[in-house]
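The exercises below are to be worked with the sequence and the coordinates at hand. Each task is followed by a solution in steps.

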Amino acid sequence: METAYLTVMLDGAAYGMILFIISVGLTVTMGLMRVVNLAHGAFAMMGGYIAATLVQQGVAFFLAVALAVLAVAAFGALAELMLYRPLYRRGDLAQALMTFGLTFVVIAALTSIFGANVKSLPVPRYLTGLTSIGYTDYPTYRLFLIGIGLGMALILWLIIDRTLFGARLRAAVDNPRMARAVGMDVNLMFTSTFAGGCALAAFGGIIGADLLPLEPFYALKYLVTFLIVVAVGGIGNFKGSFVAA
């Protein structure tokens with residue numbers, strides 16, 4: 001009985017880490033930037049589809065992950081410049097309508113390109129199978145997910161709280177006018193931050209494909225789950241707004 005409980009706890013930890021990695025990107029764009037970004041699941045879906053296609057074409061798994069994350073980050077930066085930034089002053093409703101529409105555009109585009117079937121993402125052989133953890137054998141890939149999630153949490157904490165970039169970002173969010181007055185390129189920082197949130201979504205969508213299968217309506221199916229994770233995490237703890245941008 002204890003073995004079953006521990007296995008269930010590990011399963012929950014693996015699933016929770018995937019939701020954390022994807023949702024922390026939404027916390028950046030929706031919590032920190034105060035953008036009602038209902039297209040966040042679409043960025044995760046894009047990352048998963050691109051990586052799966054690259055791997056199926058023979059690209060090494062981790063190289064495919066890196067390329068897909070960079071591609072989605074670039075798309076996110078372009079979307080921030082062309083679609084999101086003009087709506088910063090328009091209010092929540094305009095942002096919600098635009099990002100919801102963007103979600104349907106991404107779904108239609110990916111379905112047209114890749115088809116309507118579930119997209120599989122093969123993982124390296126050394127991440128498949130079982131690993132002994134003392135009391136039982138447990139799927140190696142899920143242990144990998146738990147480790148990645150913990151490592152990601154540490155890296156994000158260090159970047160935000162312990163680096164010059166993190167200090168400048170917090171200053172730009174709290175008082176963008178003053179940040180500009182001292183020579184900071186606030187617009188570039190906002191764009192790079194949004195791109196980073198999209199990259200996190202893509203990374204989570206890729207490595208979490210084993211637990212959250214890639215399918216045509218992925219972006220809508222899991223959106224509420226991502227929003228709940230962000231709400232439970234307390235997006236109110238993040239101060240500042242990009243409206244002043």
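A patch is made of residues with over 30% relative accessible area and no salt bridge, where like charges are joined within 9 Å and nonpolar side chains (Val, Leu, Ile, Met, Phe, Trp, Tyr) within 5 Å. Accessible areas come from the Shrake-Rupley method with a 1.4 Å probe, and for residues only the protein chains shown count as cover. A salt bridge is a side-chain nitrogen of Lys or Arg within 4 Å of a carboxyl oxygen of Asp or Glu.

The model is predicted: local features need pLDDT of at least 70, side-chain atom pairs count only at pLDDT 80 or more, and totals for chains, interfaces and linings use all residues. Residues are numbered from 1 along each chain as its sequence is written, and side-chain values use heavy atoms, with hydrogens and water left out.

**Exercise 1. Find the nonpolar surface patch that includes L81, and state how accessible L81 is.**

Step 1. The patch consists of L78, L81, M82 and L83, which together have about 380 Å² of accessible area.

Step 2. L81 lies in helix α3; helices (H or I, at least four residues) and strands (E, at least two) are DSSP runs, numbered from the N terminus.

Step 3. The relative accessible area of L81 is 45%, so L81 is partly exposed. The classes are buried under 20%, exposed over 50% and partly exposed in between, with a 1.4 Å probe and protein chains only.

**Exercise 2. List the buried residues of α3 and elements that cover them.**

Step 1. Helix α3 spans residues 61-84, and its buried residues are F61, A64, V65, A68, V69, V72, A73, G76, A77, A79, E80 and Y84.

Step 2. The cover of these residues includes α2, α4, α5 (140-162) and α8 (186-207), where contact means heavy atoms within 4.5 Å.

Step 3. The loop between α3 and α4 holds Y88. With 5% relative accessibility, Y88 is buried.

**Exercise 3. Compare the span of α2 with the expected value, and state how many of its residues are buried.**

Step 1. The expected span is 1.5 Å times one less than the number of residues.

Step 2. Of the 17 residues, 14 are buried, and α2 is mostly covered.

Step 3. Just after α2 comes G58, with a positive phi of about 100°.

**Exercise 4. How many aromatic pairs does the whole structure hold, and which geometry does the pair F61 and F62 have?**

Step 1. Rings of Phe, Tyr and Trp (its six-membered ring) pair if their centres lie within 6.5 Å; planes under 30 degrees apart count as stacked, over 60 as edge-to-face and the rest as tilted.

Step 2. The search gives 10 aromatic pairs.

Step 3. For F61 and F62, the ring centres are 5.1 Å apart and the planes lie at 85°, so this pair is edge-to-face. F61 is buried at 7% relative accessibility, whereas F62 is partly exposed at 41%.

Step 4. The pair F100 and F104 is edge-to-face, at 5.1 Å between centres and 90° between planes. These two residues are four places apart in helix α4 (residues 92-114), about one turn of the helix. An α-helix has 3.6 residues a turn, so residues three or four places apart point the same way.

Step 5. F100 is partly exposed at 34% relative accessibility, and F104 is partly exposed at 39%.

Step 6. Ring pairs also join F43, F75, Y84 and F194 into a cluster.

**Exercise 5. Which residues form the three salt bridges of the structure?**

Step 1. R142 pairs with D11, with the closest N and O atoms 3.1 Å apart. R142 is in helix α5 and D11 in helix α1 (residues 2-32), so the bridge links parts of the chain 131 residues apart. R142 is partly exposed at 24% relative accessibility, and D11 is partly exposed at 26%.

Step 2. R85 pairs with E80 at 3.1 Å, N to O. R85 is partly exposed at 22%, whereas E80 is buried at 0%.

Step 3. K221 pairs with E215 at 3.0 Å, N to O.

**Exercise 6. Where is P213, and which residues does P213 contact beyond its neighbours within four places in sequence?**

Step 1. P213 lies in the loop between α8 and α9 (218-221), and is partly exposed at 33% relative accessible area.

Step 2. Beyond those neighbours, P213 is in contact with V118, Y218 and Y222.
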